[in-house]
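Morning, everyone. Please take a look at the screen, and then I'll walk you through what is there.

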Amino acid sequence: MANELIVIVEDNEQNQKLARDVLQVKGYRVLVAETAELGIPMALNDKPDLVLMDIHLPGMNGMEALARLRADAATKAIPVLAFTASVMPQDRREITSAGFDGFLSKPINLKEFLNTLAARLTGGKA
C-alpha cells in the first residue's frame, strides 16, 4: 500500500471528500485545504509527495498558487497536478504552460485519477 502524502487544495466539499476518500482507501495520507492561502503553508510545512490543485479557488487561484510553490526552494520540486473541471483544449494549454506537472479532470474518472497519480508519484509524467 502507498504511504505518500497528498495535499488536496479544493474548495468544493463534495470534490474534497471524493478525492480524499478514494486516496485514503488506496493507502495515501491526505491533507485538505479549502483555499490556496491555506494549501501553500500546508505544502511548506508538511512537504507532501504531491499536490492536487484546483484552478478556480476563492481568493488566490490555482495558477498563482502554483507560481508561489515554484518560487519557493522548499516546494519547487513537489509535483502539482491541476485538478479542474476546465477541460477545453485552451484550458489544458494554459494549465500546461503554467507549469503544472499534469492534469486531472473533474468529475473524477476513478481509473484515470488513480493511474495518473500513481504514474506521477513514481516519477512519470501525468
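I'll go from the overall fold to the inside. Keep in mind that this is a predicted model.

Start with the secondary structure. How many helices and strands does the chain have? Five helices and five strands. Now read along the sequence. The pattern is β-α-β-α-β-α-β-α-β-α.

Next, overall dimensions. The C-alpha atoms fill a box of roughly 35 × 30 × 30 Å along the principal axes. For 126 residues, a compact globule would have a radius of gyration near 14 Å, and this chain has 13 Å, so the two agree.

What about contacts? Take those with a separation of 6 or more: 61% of them join residues 24 or more positions apart.

Now the surface. The chain exposes about 6,500 Å². Carbon and sulfur atoms supply 52% of that. As for charges, there are 14 positive and 16 negative ones, and their mean positions are 7 Å apart.

Let's go inside. Buried residues make up 44% of the chain. In soluble globular proteins, nonpolar side chains tend to be buried together. Here, the largest nonpolar core has 21 residues. Val-9, Val-51, Met-53, Val-80 and Phe-100 have the most contacts inside it. Which elements give two or more residues to this core? They are β1, α2, β3, α3 and β4. The largest share, four residues, comes from α2.

Last stop, Val-80. Beyond its neighbours within four places in sequence, Val-80 touches Val-51, Met-53, Leu-66, Leu-69, Arg-70, Phe-100, Asp-101 and Gly-102.

How values were computed
Residues are numbered from 1 along each chain as its sequence is written. This is a predicted model: local features need pLDDT of at least 70, side-chain atom pairs count only at pLDDT 80 or more; totals for chains, interfaces and linings use all residues. Side-chain values use heavy atoms; hydrogens and water are left out. The radius of gyration is taken over C-alpha atoms; the globule rule is 2.2 Å times the number of residues to the power 0.38. Buried means under 20% relative accessible area, exposed over 50%, partly exposed in between (1.4 Å probe, protein chains only). Contact means heavy atoms within 4.5 Å. Accessible areas come from the Shrake-Rupley method with a 1.4 Å probe; for residues, only the protein chains shown count as cover. Lys and Arg count as positive and Asp and Glu as negative; His and the chain ends are not counted. The place of a charge is taken as NZ of Lys, CZ of Arg, CG of Asp or CD of Glu. A nonpolar core is a set of buried Ala, Val, Leu, Ile, Met, Phe, Trp, Tyr and Cys residues joined through side-chain atoms within 4.5 Å.
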